[in-house]
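Biologist: I am new to this one. Please show me the model, and then I will ask how you reach your terms.

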Amino acid sequence: TFQNRVFSGAQPSGNMHLGNYLGAFRNWVKLQDSFECIYCVVDMHAITVWQDPADLVAQTREAAAAYIAAGVNPEKSILFNQSQVSGHAELAWIFNCVSRLGWLNRMTQFKDKAGKNRENASTGLYVYPNLMAADILLYQATHVPVGEDQKQHLELTRDIAQKFNNDFGVEMFPLTEPIIQEEGARIMSLRDGSAKMSKSDPSEYSRINLNDDADAIALKIRKAKTDPEPLPALAKDLEGRPEALNLVGIYAALTDRTRDSVCTEFEGQGFAEFKKALTDVAVSKLSPITGEMRRLIAAPDHIDAVLRQGAERASAIAAPILKDVKKAVGF
Ligand code: ADP
Ligand code: NA
């Protein structure tokens, strides 16, 4: 039996956005009351695609600032960056030898991220899910809050845990459960309702960044793709209207309501009206977070100290687990 423990992380690969907030950070904050939580800035994942070194330093601080500004409490939860705890890399190597090529070949995110030029993708991008399994299992984490996009990777984590336990005849790792919330689990691009909102989307109008000011948020929502139909009474009648459904879903997630209750309130109104209401809600929810992020980023020494302390706490949990793992493997 394993003690309940939460692990999650986000990549410091550029702008933190509304999808990260609604799909991840917001949920992380809620879990702090009921779990021991470990929240990681996964800089080793970020370098699976090229990152300018100086930018990476700034982006790592920015990610940590976003977590704290969203409500992660570093006194309570452990907040650190991955590269500072060497156990992630050590366990990832062992998992490279447990995981199977056939398993990795099924990962849809690699296909999306590698794109057409697959031969030129880094090998790190390919084995990324093995590192993610190491991130989680280094702490024997029992629960991982993630967006829909990470569900397949978490299934791989369970496969790796199970194979390790079987191969070495030990109950080393738990079969980690995902925690996926109903609203906000999959926020789509504002420009294309079939693509997820992502840091790596080159269109700046595709996402609301957590450091956008009120004018930028208003402009992006105004430019968001929709259709000329009014809002229906029930969310199920938004089927076939992915952009409209996405905006209603964002409103629901930001206000902690269901899509149906949002549709009922705005039934019969067009999206020009609805977008004004959505802008008000988005600005009032996000501007305190933006302000706090800016204050934190202006004091990088403080953020660095928080990350250092977090890395010490994380290492203390990881060390005895990694020791047992190495012994099981025969190291
Ligand atoms: P990105 O895909 O933008 O690079 P990350 O891979 O760093 O973001 O993901 C960090 C966390 O944010 C993960 O838990 C992920 O599931 C969540 N997340 C990312 N994009 C979205 C989205 N569009 N909708 C909901 N959750 C998301
Ligand atoms: Na992602």
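Modeller: Leaving aside neighbours within four places in sequence, Asp135 is in contact with Phe7, Gly9, Cys40, Val42, Gln82 and His88. This is a predicted model: local features need pLDDT of at least 70, side-chain atom pairs count only at pLDDT 80 or more, and totals for chains, interfaces and linings use all residues. Residues are numbered from 1 along each chain as its sequence is written, while chains are lettered from A and ligands numbered from 1 in the order in which they are written.

Biologist: What makes Gln82 a contact of Asp135?

Modeller: Two residues are in contact if their C-beta atoms, placed from the backbone, lie within 7 Å. Gln82 is among the residues in contact with Asp135.

Biologist: Why is Asp135 called buried?

Modeller: Buried takes 20 or more other C-beta atoms within 10 Å of a residue's own, exposed 12 or fewer, and partly exposed lies in between; C-beta atoms are placed from the backbone. Asp135 has 26 such neighbours, so Asp135 counts as buried.

Biologist: And why is Asp192 called partly exposed?

Modeller: Asp192 has 16 other C-beta atoms within 10 Å, so Asp192 is partly exposed. Asp192 is in the loop between strand 5 (177–179) and helix 9. Helices (H or I, at least four residues) and strands (E, at least two) are DSSP runs, numbered from the N terminus.

Biologist: How do you know that helix 12 bends at Leu286?

Modeller: The bend at a residue is the angle between axes fitted to the seven residues ending there and the seven starting there. At Leu286 in helix 12 (residues 271–297) that angle is about 35 degrees. Pro288, a proline, follows within four residues.
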